[in-house]
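Visitor: Please show me the model, and then let us go through its ligand sites one question at a time.

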Amino acid sequence: MADFPKITLLAGGVGGAKAALGLALSQWRDHLSVIGNIADDEEFHGLWVSPDIDTLTYTLSGRINRQQGWGLNGDTSQVLNGLKTLGCDSWMFLGDQDFATHIYRTEQRRKGIRPSAIAQDIAWKNQVDIPILLPTDDVVQTRVSTAQGTLSFQEYFVREQCRPDVTAIEFHGAESAAATPEALAAIAGSDLIIIAPSNPLVSIGAIMSVTGIREALAASPAYCMAISPFIGGKTVKGPADRMLAGLGMQPSAATIADLYQDFLDALVIDQQDAHAAADLRQRGLDVLATNTLMTSDEEKRHLMDTCVSFAFSHIAEASA
Ligand code: GDP
Ligand code: CA
């Protein structure tokens, strides 16, 4: 392994940001790059909103609303109230300070600046020195098929509060989207790739839908480890379990192993799911069963430090 091992984290929003913060608080901070999800992006009130990237940035900057896990701490909603008075839809909550991010991002995009450069610029201006990479600079948007018709991700997630059953998921634009050189270089040049406990379909699946990303993961010499977002057969938060059920899959560690099978070396599962370890090991995976619920910052740091130590000991074993 390299003298200065590089770690790349693939992360969605809230679950992904917890893992990113855990690594940022650990001794591995300077080794880290994060590839975030842009497929939840959508235009609201003429502004380009990128919820998962903002959740990562705000979490790593310490500005996040900790109770919610998204949005800015202490933010208010005067602009949104004003828009409501003007007859605009207000189901997508956007705080007053948060609006500044969306205004700036939109203006920079209109100037033709690469979305990756804008994300990095916003991160720096929020005192985040960890590279936050985009999988693509092109527009890719998750669309879910439901009995109510096809919905954008935010329509499904925020407006409909995940109530409709999902029968199919599409990543509109993914096939023609080009992976960014930064994301491909991070994947190819890492010693360790960690897949955060994020929604495997609409967060990690969306990142991997960009042409070239999944192939790069499979081709990378890095040791690849995923942390299951399921504890005792349920999600900690969000619709991943119901989305999987709608597509005929179980919310289990085995499903995570199936979905990532072409590149996965190790799976971290919760101790409540330790009964699944033997089967997963039979499939050739290294398995760590531990407490994966991250509530406090110390729990986040501890879990991520434990995961990295586990991975590095297996990498060292394999090269001995
Ligand atoms: P979103 O983009 O905000 O929906 O967030 P992600 O896709 O990054 O993460 C959502 C997933 O994170 C859900 O499936 C949760 O089960 C999972 N998750 C959230 N917190 C934790 C945690 O503390 N531990 C584990 N293992 N999973 C978590
Ligand atoms: Ca998301």
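The questions below concern the two ligands.

Guide: This is a predicted model, in which local features need pLDDT of at least 70 and side-chain atom pairs count only at pLDDT 80 or more, while totals for chains, interfaces and linings use all residues. Residues are numbered from 1 along each chain as its sequence is written, chains are lettered from A and ligands numbered from 1 in the order in which they are written, and side-chain values use heavy atoms, with hydrogens and water left out.

Visitor: Which residue has a side-chain N or O atom 3.2 Å from an oxygen atom of ligand 1?

Guide: Polar contacts here are pairs of N or O atoms within 3.5 Å. Backbone N or O atoms lie 2.8 Å from a ligand 1 oxygen in the case of Val14 and 3.2 Å in the case of Gly15. The residue whose side chain lies 3.2 Å from an oxygen of ligand 1 is Asp52.

Visitor: Which residues donate to the calcium ion, ligand 2?

Guide: Donors are N, O and S atoms within 2.8 Å of the metal, or 3.2 Å for Na, K and Ca, and sites may look incomplete because water is not among the atoms. The OD donors lie 2.1 to 2.5 Å from the calcium ion, and they belong to Asp40 and Asp52.

Visitor: Is Asp52 buried or exposed?

Guide: Buried means under 20% relative accessible area and exposed over 50%, with partly exposed in between, using a 1.4 Å probe and protein chains only. Asp40 has 5% relative accessibility and so counts as buried. At a relative accessible area of 7%, Asp52 is buried.

How values were computed
A polar contact is a pair of N or O atoms within 3.5 Å; within protein, one must be able to donate a hydrogen and the other to accept it, and residues adjacent in sequence count only if both atoms are side-chain atoms.
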